Each structure stands twice: as C-alpha cells, then as structure tokens.
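Work through the exercises below with the sequence and the 3D structure at hand. Each task is followed by a solution in steps.

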Amino acid sequence: YCREIPTARNLACILAHDNSSASFFAQVRGKRKMPILYLLDSITKNVGGPFIDIFSQNLVSTFCTVFEQADDQMRRDLYKLRQTWAPYFPPKKLYTIDVRVNGMDSNWPVTAPTSSSIHVNPKFLAAKDAPPVPPPASAAPSRRIVEVMDRPQKQPVEPSP
C-alpha cells in the first residue's frame with residue numbers, strides 16, 4: 001500500500017490539473033481505468049471544492065470511455081459508483097452520462113435530472129385570491145335522487161336451503 005501512495009499522488013495531480021483527463025483516460029489500458037475513476041471519485045468526495053468543477057468538465061466522456069471497455073462486472077461497479085455522485089456533480093451531467101451509457105447498454109437506467117425550482121401554475125394562485133364560485137344548478141342532486149337515497153333499504157332475502 002505504501003509503495004502506491006506516490007503513484008496515487010501523481011494520478012491525483014494529473015486528474016486534478018490536466019483538463020484533458022479524457023485524453024489521459026484514452027491512453028490508460030483496460031482494467032487500470034477503473035482504479036483511476038475510483039481515485040477521481042475519492043478526490044471528489046474527500047476534497048471537493050475546485051476539483052468537482054475540474055472533473056465535471058470531462059466527466060461524461062471519461063465515464064463513457066471506461067464503460068465502453070468494461071466487462072459486465074466492471075459495468076455493475078460503474079453503476080454503483082455512478083449512484084453515489086448525485087450530491088457532488090450537477091444533475092444535468094449525471095443525466096447526460098445516463099443517456100449516453102443507455103445508448104451503449106439499454107439496461108442502464110436513466111435518472112431524470114432533478115430541478116431545484118418549483119413551477120406553480122399562475123391560475124392556481126389567482127384562484128386562491130378569487131371569491132368561491134357556487135356550483136352550477138345542474139350539479140345539485142335532483143329531488144328524485146335524494147328521495148331514493150333517503151328510503152330505507154330492504155333487507156336482502158336469504159336463499160332457502
């Protein structure tokens with residue numbers, strides 16, 4: 001583990017300072033891409049700050065590059081990883097990842113981007129300020145219906161044995 005720390009630091013610097021991390025990922029071969037993506041994830045969650053903005057720039061292409069070359073187990077791991085990113089990355093970025101990956105694998109669910117704003121229908125607000133409108137006369141039950149409903153109900157006849 002201790003021998004890997006300088007490598008992790010070097011990778012962190014490359015990922016954090018090289019805005020072309022997508023081209024960096026293109027140079028990395030096979031199964032080595034997943035640990036680098038985990039490193040990106042760890043920096044995002046543990047350091048945050050400006051790294052989130054930097055990683056967001058190439059997040060979609062980076063994730064999709066890894067997904068494209070992944071086997072089934074790695075794709076499951078990518079799905080688990082992607083599900084943890086909602087508090088860190090913009091919803092539109094995550095939605096874009098979902099749509100692009102779904103284009104490669106139709107089993108990948110697409111999560112709708114959440115909106116922080118709420119739309120209220122202006123007619124709804126105007127209706128609260130207006131005086132109540134009485135129901136139309138045709139909406140009142142007819143006298144015949146009321147009479148029928150007020151009658152005592154007959155007891156059901158028990159079938160004879």
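**Exercise 1. The whole chain**

Solution. 
- Step 1. The model is a predicted one.
- Step 2. Read in order, the pattern is α-α-α-α-α-α-α-α-α.

**Exercise 2. Helices α3 and α5**

Task: Describe how α3 and α5 pack, giving the angle and the distance between their axes, and list the residues that make the contact.

Solution. 
- Step 1. Two packed helices are described by the angle between their axes and the distance between the axes.
- Step 2. Helix α3 covers residues 33-46 and helix α5 covers residues 59-68; their axes are 10 Å apart, at an angle of about 150°.
- Step 3. Angles over 145 degrees count as roughly antiparallel. That angle therefore makes α3 roughly antiparallel to α5.
- Step 4. The crossing of α3 past α5 is left-handed.
- Step 5. From α3, the contact uses K33, M34, L37 and L40; from α5, it uses L59, T62, F63, T65 and V66.
- Step 6. Sorted by class, the residues of this contact of α3 with α5 are six nonpolar, two polar and one charged.

**Exercise 3. Helices α5 and α6**

Task: Find the axis distance and angle for α5 and α6, and name the residues that meet.

Solution. 
- Step 1. Helix α6 spans residues 72-82, and its axis comes within 9 Å of that of α5, with a crossing of roughly 155°.
- Step 2. The two helices, α5 and α6, are therefore roughly antiparallel to each other.
- Step 3. On the α5 side are F63, V66, F67 and E68, which meet M74, R75, L78 and R82 on the α6 side.
- Step 4. The contact of α5 with α6 has five nonpolar, no polar and three charged residues.

**Exercise 4. Helices α3 and α4**

Solution. 
- Step 1. α3 passes α4 in a crossing that is left-handed.
- Step 2. L40, I43 and T44 come from α3, and F51, I52 and F55 come from α4.

**Exercise 5. The largest nonpolar core**

Task: Which residues of the largest nonpolar core touch the most other members, and which helix gives the most to this core?

Solution. 
- Step 1. In soluble globular proteins, nonpolar side chains tend to be buried together.
- Step 2. The largest nonpolar core has 24 residues, of which F63, L78, W85, F89 and I97 touch the most other members.
- Step 3. At least two residues of this core come from each of α3, α4 (50-57), α5, α6 and α7 (91-104).
- Step 4. With six residues, α5 gives the most to this core.
- Step 5. Eight of the 10 residues of α5 are buried, so α5 is largely enclosed by the rest of the structure. The buried residues in α5 are L59, V60, T62, F63, C64, T65, V66 and F67.
- Step 6. Leaving aside residues up to four places away in sequence, W85 touches L37, L40, D41, K45, L59, F63, L94 and I97.

**Exercise 6. Three residues: D41, C64 and D98**

Task: Is D41 buried or exposed, and what does C64 touch? How many residues lie between the positions of C64 and D98, counted as their separation in sequence?

Solution. - Step 1. D41 is in helix α3. Its relative accessible area is 9%, so D41 is buried, the cut-off being under 20%.
- Step 1. D41 touches L81, T84 and W85, with residues up to four places away in sequence not counted.
- Step 2. C64 is in helix α5 and counts as buried at 2% relative accessibility.
- Step 3. With residues up to four places away in sequence not counted, C64 touches R100, V101 and M104.
- Step 4. D98 is in helix α7 and is buried, with a relative accessible area of 0%.
- Step 5. C64 and D98 are 34 residues apart in sequence, and their C-alpha atoms are 9.4 Å apart in space.
- Step 6. Not counting residues up to four places away in sequence, D98 touches R82, W108, P109, V110 and T111.

Definitions and conventions. Residues are numbered from 1 along each chain as its sequence is written. This is a predicted model: local features need pLDDT of at least 70, side-chain atom pairs count only at pLDDT 80 or more; totals for chains, interfaces and linings use all residues. Side-chain values use heavy atoms; hydrogens and water are left out. Axes are lines fitted to C-alpha atoms, for helices over the stretch in contact, and angles run from 0 to 180 degrees between N-to-C directions. Helices (H or I, at least four residues) and strands (E, at least two) are DSSP runs, numbered from the N terminus. Angles under 35 degrees count as roughly parallel, over 145 as roughly antiparallel, 65 to 115 as roughly perpendicular and the rest as oblique. A crossing is left-handed if the near helix is turned anticlockwise from the far one by less than a right angle, and right-handed if clockwise. Contact means heavy atoms within 4.5 Å. Ala, Val, Leu, Ile, Met, Phe, Trp, Tyr, Cys and Pro count as nonpolar, Asp, Glu, Lys and Arg as charged, and the others, Gly among them, as polar. A nonpolar core is a set of buried Ala, Val, Leu, Ile, Met, Phe, Trp, Tyr and Cys residues joined through side-chain atoms within 4.5 Å. Buried means under 20% relative accessible area, exposed over 50%, partly exposed in between (1.4 Å probe, protein chains only).
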